[in-house]
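Please look over the fold and the ligand surroundings of this model.

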Amino acid sequence: MRIALFGYGKMGKMIEALALKKNHTIVAKIDNDTTEIDFSSFDVAIDFSQPSSAFNNIKMCLENNTPIISGTTGWLDRYEEAVILCNENNGAFIYASNFSLGVNLFFELNECLAKMMANLRDYNVSLEEIHHTQKLDAPSGTAITLAESIIKNTSYTGWELDATKDHILPIKAIREASVPGTHSVTYGSNVDSIEIKHTAHNREGFALGALTAAEWIIGKHGVFSMKDVLHID
Ligand SMILES: NC(=O)C1=CN([C@@H]2O[C@H](COP(=O)(O)OP(=O)(O)OC[C@H]3O[C@@H](n4cnc5c(N)ncnc54)[C@H](O)[C@@H]3O)[C@@H](O)[C@H]2O)C=CC1
Ligand SMILES: O=C(O)C1=N[C@H](C(=O)O)C[C@H](O)C1
């Protein structure tokens, strides 16, 4: 598979290392704003860039008939525009706030627990995420995905960083030197608490998931998610 990397930072480099081990070829490493890209030279693009550049990278790929996998977080106010562009161009697109298998299983666990807790009024839910200090967005994309699922399945109506209002799910975003990504969901009452937690030990799981999605999407048309790639239901 011939791959173009949009974003050649921590994730771009990790994906390159894994891709080479799997005998894929990295034909382009795009690490800044540019329009000088030969889209005919690669089969798929993988974007791990920055919140301010992700949408434009996705747009360029879709307008040039290139399947695009995006893991960049913090740009989702334009997600619906990306969906429209994908459909208009008969393209192929996957966004995931987290590509690791472990977190995608954790998403399922979170949904299941939210459904169980939905009518238990003695418990309040809160979310915490811990990431490295270079992270540009807060809360993390993964925390937002977790929060949206809880909101869909309980009486919570929204989320806010450090919220203290009724029915608003509080998210605490902590930044510590080199943490790859830790997420926990806690249901607390006066008598006990229930916590589920995912800890990434390094970035390999994210990179492997993104490569798996890139291999999977070739030849397909539409907007997909990691549920499609991993056959989770
Ligand atoms: N969905 C997932 O599984 C994961 C998502 N992420 C997200 O991926 C993004 C990148 O993460 P890291 O690699 O850790 O960040 P990073 O800061 O190490 O790398 C980002 C790179 O993008 C480059 N860049 C800036 N403007 C660009 C443009 N217009 N086009 C292409 N590249 C450009 C920067 O020069 C930098 O090298 C972040 O939004 C992060 O939250 C990170 C890990 C996993
Ligand atoms: O910026 C990161 O590093 C990560 N970002 C993603 C997010 O915002 O959820 C995924 C992972 O937690 C690492």
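## Basis and annotation

This is a predicted model. An unreviewed UniProt entry annotates residues 1–99 as "domain: Dihydrodipicolinate reductase N-terminal". That span is 32% helix and 22% strand. Its end C-alpha atoms lie 19 Å apart.

## The parallel sheet

One open sheet has six strands, in the order β2-β1-β3-β4-β5-β11. Its pairing is parallel. Strands β2 (25–30) and β11 (222–224) form the edges, and each pairs on one side only. Neighbouring strands are turned by 20° against each other on average, direction ignored.

Strand β1 (residues 2–6) joins β2 through five bridges in the parallel sense. Within this pairing, isoleucine 3 has isoleucine 26 of β2 as its bridge partner. Helix α1 lies across β1, β2 and β3 (44–47). Its direction is at about 165° to β1.

## Helix α1 against helix α6

The axes of α1 and helix α6 (residues 204–217) come within 9 Å. They cross at roughly 65°, and the crossing is right-handed. On the α1 side, the contact uses Met11, Met14, Ile15, Leu18 and Ala19. From α6 come Glu204, Phe206, Ala207, Leu208, Ala210 and Leu211. By class, this contact has 10 nonpolar residues, one charged and no polar.

## The mixed sheet

A second open sheet has five strands, ordered β7-β8-β6-β9-β10. Here the pairing is mixed. Strands β7 (158–161) and β10 (193–199) each have a single partner strand, so one side of each is left without a neighbour in the sheet. The twist averages 20° from one strand to the next.

Strand β6 (residues 124–131) and strand β9 (residues 182–188) pair in the antiparallel sense over seven bridges. Glutamate 129 has histidine 183 of β9 as its bridge partner. Helix α4 (residues 101–117) packs on this sheet and touches β9 and β10. The direction of α4 makes about 165° with that of β10. Helix α5 (residues 141–153) lies across β6, β7, β8 (168–175) and β9. Its run is at about 170° to β6.

## The ligand shell

Which residues are closest to ligand 1? They are Gly9, Met11, Ser49, Ser53 and Gly71, out of 27 that surround it. The shell has 15 polar, nine nonpolar and three charged residues. Helix α1 (residues 10–21) supplies the largest share, three residues.

Note on methods
Residues numbered from 1 in each chain as written. Chains lettered and ligands numbered in written order. Predicted model: local features only at pLDDT ≥ 70, side-chain atom pairs only at ≥ 80, totals over all residues. Near = placed C-beta within 6 Å. Helix = DSSP H or I, 4+ residues; strand = E, 2+ residues; numbered from the N terminus. Nonpolar A, V, L, I, M, F, W, Y, C, P; charged D, E, K, R; others polar. Axes fitted to C-alpha atoms, helices over the stretch in contact; angles between N-to-C directions. Left-handed = near helix turned anticlockwise from the far one by under 90°. Contact = placed C-beta atoms within 7 Å. Pairing = 2+ DSSP bridges. UniProt positions renumbered as here; feature names shortened; annotations may be inferred.
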